[in-house]
Amino acid sequence: MGITSMFSSLMGAIGVGTKKDLASFCFLETADGENTLVAKDGSLATIIRVDGIKQVMGSDELNSIVNEMSLKMAPYLTQEGRAIQVWFARDPDLSQQMVRDVLRTPRGVADRLALDLEDVFREREKNLPEHVVWEGFYIVLWTRLSILTKREVEASKIELKVPKLMPRIEDAQDPFRIGRVLRDGHYAFVKSFLSDLAGIQIRAEEIDTHEALKIIKWSVYPDLVGADWRAHLPGDPLRQRHPEISDYDASHLLWPRIQEQVFDREAERVNARVIKVGGRFFAGMDMSQGPQLTQSFESIILRMMEDEFPWRVSFLIEGNGLKSAGIRKFLASVFQITNGDNRQVREAITALMEDQAAGTTVTKTRISFATWAPVDDTGKGLALIEARAAKLQQVVQGWGNCGVSVLTGDPVASVMSSAVGLDVASTAPAGAVPLPEVVTMLPWNRDASPWKAGSVLFMTPDKKLWPYQPGTSLQDTFIDLFFAPPGKGKSVLLNTMNLALCLSTASTAVSGGAMLPRISIIDIGPSASGMISLLQEALPVERRHEVAYHRLRMTHHYAINPFDTQLGCRYPLPLERSFLVNFLTALGTEVGETKPPAGLVGILGAAIDAVYEKYDDKHRKGQPKRYSENVDHAVDRAVARYNVPFQPGVTVWWDIVDALYKAGDVHHAILAQRHAVPRLEDMMAVLRDDQVMEIHGNAKTMTGERVVDMCARMISTTVREYAIMQRPTAFDIGDARVVALDLDEIAPKGGGPADKQTALMYMLARFVLARDYYMNPEIISFIPQDYKTWHAPRIKRLRETPKRLVYDEFHRTSNAAAVRAQVLVDMREGRKWGVHIALASQLLKDFDDDMVDMASGIWILGAQDRAADEAAQMFKLSPTARDIIQYQLTGPGPKGAPFLAVLSLKEGKHEHLLYNTLGPTEIWAFSTSAEDTALRGRLYDLLGPVEGRKVLAERFKSGSARKEIERRVAKAMERGGRNASDIEQGIIEQLVKELAGTKYAA
């Protein structure tokens, strides 16, 4: 050890040698206002909680932060009087508690909704702690009295002088330590520093004094993290204590000393480097020599992740780092003859002085570390802390080849040096370090989640928990785009997000009590069926109709009439009319054409108005449809039950609707109205009405055919070919709130006619799922007077309810301009109506430019080289984010499925590399591979969904049986099997038999 290191250690020992108990390490006296702590000498401190950075960070981003923060921090550190403590800790022992705390809110929502998802929550509590680590990141800003001029110091002494006749205060917080001379400067310091952090995309906020002291207490006693403790400070109600000192002491009338509140258990020295504090053994160490090669904080995180245990680090940074260098230079000169190292010290100090003269800020920096382990009676705890201390020492030494001192003379002082916010003191020797080098070593690379809690728990690559909550006030709009090649986890992520919306407080709290949000999923295939089943089985039996999965077929049983209107309405609402125009435009566009013929939209608009007028019983020229018995037996029975008078050939369906509504039978009134409204085939007659022909009759297509004739021909073909559109509505979703429609059977592939059919089926699905999404109090004026009393409370509930419309496999609409036009309308109107839109596809180019421009969330789970370049350019991503898209989005693995999230929030843009980390139960619930869904479906049939998921999760902990099925198929083929598909089915059935046990035979 060089003479300068000996000198630093000696001075450090002098500084702490007089301290006895833990309270003596507390420099805090009281609080001033909401966010400022006051030290015993009148210095001021504010603690800032740092959530992290809003963007992914690579070497380019780190260099930018170092340059910018070096410039911004320099003014604070050019002189004495300012101190900045940067404190960071990670504790995997707290991970389970952290996960449990974050899950408390979604678990409470599930309880209020009567959703039995306890198996899911228990698995999250078991699985997630293995993948995430608790973190704390705080910055303490100190303003010391040494920043004052002589005149200000004298003024401060006068201000802090205790008034005459004031009783003594020997055992309470001293309100006369609050120096107002420092206050304005300190407030400006804090405000400026927060602005500096925001400027480099760091999310941070100052915390109030009660929260600050809680954090301080937690750093001393990690076993109390999460405990409900609150300090007693000025501004809190006074609680009179029993006088203990003398009649002339007023301590019992004031707030107890901070140190008495923070420290409730003393430290016990175990050996020269280990102490016991509460339920933990601690070992501290100091950086005695700075790194030979300055490395980023990420490198120490990565090394600790190899076998992580609790640890923390404190950087204490002050200005005027060369103030004591003169002494060191002198000593180095004196002892130069006896120790060659000191010549290097002298030369290094000379170099620093030259740097400072050139404009580089040289700081006085002290860095302390600590680790801890649980106390037990077996001796294992002591062995564990020794092992952890040795590993931490090894990691720190490897952080650019640092020097580490583990024997500081006072192990209590060493450990307290790495606590947060107690004092501006440390046992670590002060190093004169250029500010850019200090900034490089700080933990800037922590990904920030703007959500403190969420029903989705993602994680970062370095195991930080990243809560996410869809549909909160942090965003102005809710438009999400998901894209990835098959097999990257896109459908599982969609299911995760949909389930999260169901477990959100904001999405389920409506007038009349908690209710599921409205979620409508349009899919091709059974991707959403697992999530639907999970929710259905979690609900009480009598409420399982609230969640539904339907596989639509081209039959009369699934008939849907897009001309249906809201109850009692003779005409469509404005947005319903707009939808009809888009739907009929898709229908009237020739196969192979991407745009409708000129004039078609105008003709359709006029024809829609004409057809509703024709069947309006209130219109003077109306020809409403006549009621006939035996058309709808359910309606006939209701007519008989309520003695509704009717006259064959005279009574119209609208009369029946009104009568049943007045009788209070809304359900049968809705059924009757399906026969009163127009149908697609009715459009053929009105297309040649005078009001259509006079204006649009001469419009022609490029081939010379009249547009009116072409439109009639298309309608005739559609009615003939599509059974689903030949009759009044027979299919509806009833009271279901979370619904998935599978269009696989009615949305074929094959180009031309198949593309057109797919487009029409997407539009029909959207109509049946979301026709009441776009209702708010403004449309009450369009509702008939008699029906307003029924619609008004319904509209109020709808307005309060978050609504999500999901289009999966969106690439199937690539040739359907009308579908995309409708989606754009939904996107533009969504914010006003409280509708979330989610589109999922395989490629970025599957989304139109306008869709991308309006998106508030981009979720990228994989892309090829060219697509990575396109995404980087389109979303203005950093080079680091571009490389993530190309190289790190490799599909599901042990950590989960990686993805890049690009989010537009009110506070600005966020971009993060995250993992969707689920346990086997949820993965099995959401899995979409053909082999897994087949196996899952058979076990659900035999065992029920809950038990089925349980046995699958126990047997296949990865959440998939694909590898086992593929292995058995390959083995069977080697033995002479010929048909792999038949073999696969047999193997799946064999697995069902193995997993179901005795229930298989039954």
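Asp-236 sits in the loop between helix H7 (209-220) and helix H8 (258-262). Helices here are DSSP runs (H or I) of at least four residues, strands are E runs of at least two, and both are numbered from the N terminus. The model is predicted: local features need pLDDT of at least 70, side-chain atom pairs count only at pLDDT 80 or more, and totals for chains, interfaces and linings use all residues. Residues are numbered from 1 along each chain as its sequence is written, and side-chain values use heavy atoms, without hydrogens and water.

Asp-236 is buried, at 13% relative accessible area. Buried means under 20%, exposed over 50%, and partly exposed in between (1.4 Å probe, protein chains only). Setting aside neighbours within four places in sequence, Asp-236 is in contact with His-210, Arg-230, Ala-231 and Trp-255. Contact means heavy atoms within 4.5 Å.

The whole structure holds 59 salt bridges. Each is a side-chain nitrogen of Lys or Arg within 4 Å of a carboxyl oxygen of Asp or Glu.

| Pair | N to O distance |
|---|---|
| Lys-364 and Glu-318 | 3.9 Å |
| Asp-709 and Arg-706 | 3.0 Å |
| Arg-968 and Glu-964 | 2.7 Å |

Lys-364 lies in strand S11 (residues 362-374) and Glu-318 in strand S10 (residues 311-318), so this pair ties together parts 46 residues apart in sequence. Lys-364 is partly exposed, at 24%, whereas Glu-318 is buried, at 11%. Arg-968 and Glu-964 both lie in helix H35 (residues 962-974), 4 residues apart, about one turn of the helix. Both Arg-968 and Glu-964 are buried.
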